[in-house]
Amino acid sequence: MNKIFFASALALSLLSCKENQSRNTPVVENAVDNAESSVSGSLKSYRKGDMVDQIYSELVRNDKNLKALDDKIIAIDEESRKVLAVYGETLRKSESFYLDAHNQAASVKDSLLKQQLDKEIKMSSDQYDLKISKVKELIAKVNANSDTINNLYTAFKIRKTIPEIEKYQKAHPLKTENLEKFINKQNQLLNELKNTK
């Protein structure tokens, strides 16, 4: 009987604590508090614990225009990688060929034949370099544009999230009273320890 009474009392006290807790928590509408509970933004590149990305993710979730911009940036980034991968594969194979050809030619014992091979390899390599000079220039431009897009997007995200962190700070002011009370308690204990013999 005592066990049932004790279990009932425990259950009731837990429920009342939970009710008090939910009544006491302030309702705050800001992206920072919401970001901690839902880090499921559309960008997959969030660094774990990165508050800028978490807050921005929450803003994206609640704003169609930001979501559209976010989707465009993701799409252009993926397309850029795919386009560069196609050119990169061809360039890599050609560079590998000339390197391998040069290494194999180095193993030829006949010095006259070796010189002829080196000339032919160099001539072909130089011709290829001329052919792809415009391609390399355009690849450099694609990479530069990608860097600029990433830099501007990072700046945009930071500027967009600064007001949100400021809202959060206003909603969670840090008062000194509790710290001062606790320091007084510590000081009392310190004095007690110093005076105990």
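The structure is a predicted model, in which local features need pLDDT of at least 70 and side-chain atom pairs count only at pLDDT 80 or more, while totals for chains, interfaces and linings use all residues. Residues are numbered from 1 along each chain as its sequence is written, and side-chain values use heavy atoms, with hydrogens and water left out.

The protein has six helices and zero strands, and its elements run α-α-α-α-α-α from the N terminus on. Helices (H or I, at least four residues) and strands (E, at least two) are DSSP runs, numbered from the N terminus. Of the 197 residues in the protein, 19% are buried; here buried means under 20% relative accessible area, exposed over 50%, and partly exposed in between, with a 1.4 Å probe and protein chains only. Among contacts (heavy atoms within 4.5 Å) with a separation of 6 or more, 64% are between residues 24 or more positions apart.

The buried residues of α4 are L66, D70, I73, S80, L84, L91, S94, Y98, A101 and A105, and they pack against α3 (51–61) and α5.

A105 lies in helix α4 and counts as buried because its relative accessibility is 4%. Leaving aside residues up to four places away in sequence, A105 touches K114, L117, D118 and I121. From L99 to S125 the C-alpha to C-alpha distance is 9.9 Å, and the two are 26 residues apart in sequence.

On a 1 Å grid over the protein atoms alone, a pocket is an open set of points where a 1.4 Å probe fits, with protein on both sides within 12 Å along at least five of seven lines, and lining residues have an atom within 4 Å of a point. The volume of the second largest pocket is about 190 Å³, where grid points are joined across faces, edges and corners and the volume is the space filled by probe spheres set on the points. Its lining consists of I73, I76, D77, E79, S80, V83, V142, N145, S146, I149 and N150. Both α4 (64–106) and α5 (111–171) supply at least two residues of this lining, and α4 gives the most, with six residues.

Aromatic rings complete the picture. Rings of Phe, Tyr and Trp (its six-membered ring) pair if their centres lie within 6.5 Å, and planes under 30 degrees apart count as stacked, over 60 as edge-to-face and the rest as tilted. By this rule there are five aromatic pairs. One of them joins F97 and Y98, which are edge-to-face at 5.3 Å centre to centre with 75° between the planes. Y98 counts as buried because its relative accessibility is 16%. The pair of Y153 and F156 is stacked, because the ring centres are 6.4 Å apart and the planes lie at 15°. Y153 and F156 both lie in helix α5, three residues apart, about one turn of the helix. An α-helix has 3.6 residues a turn, so residues three or four places apart point the same way. Y153 is buried, with a relative accessible area of 8%, whereas F156 is partly exposed at 29%. Together with Y56, Y153 and F156 form one aromatic cluster.
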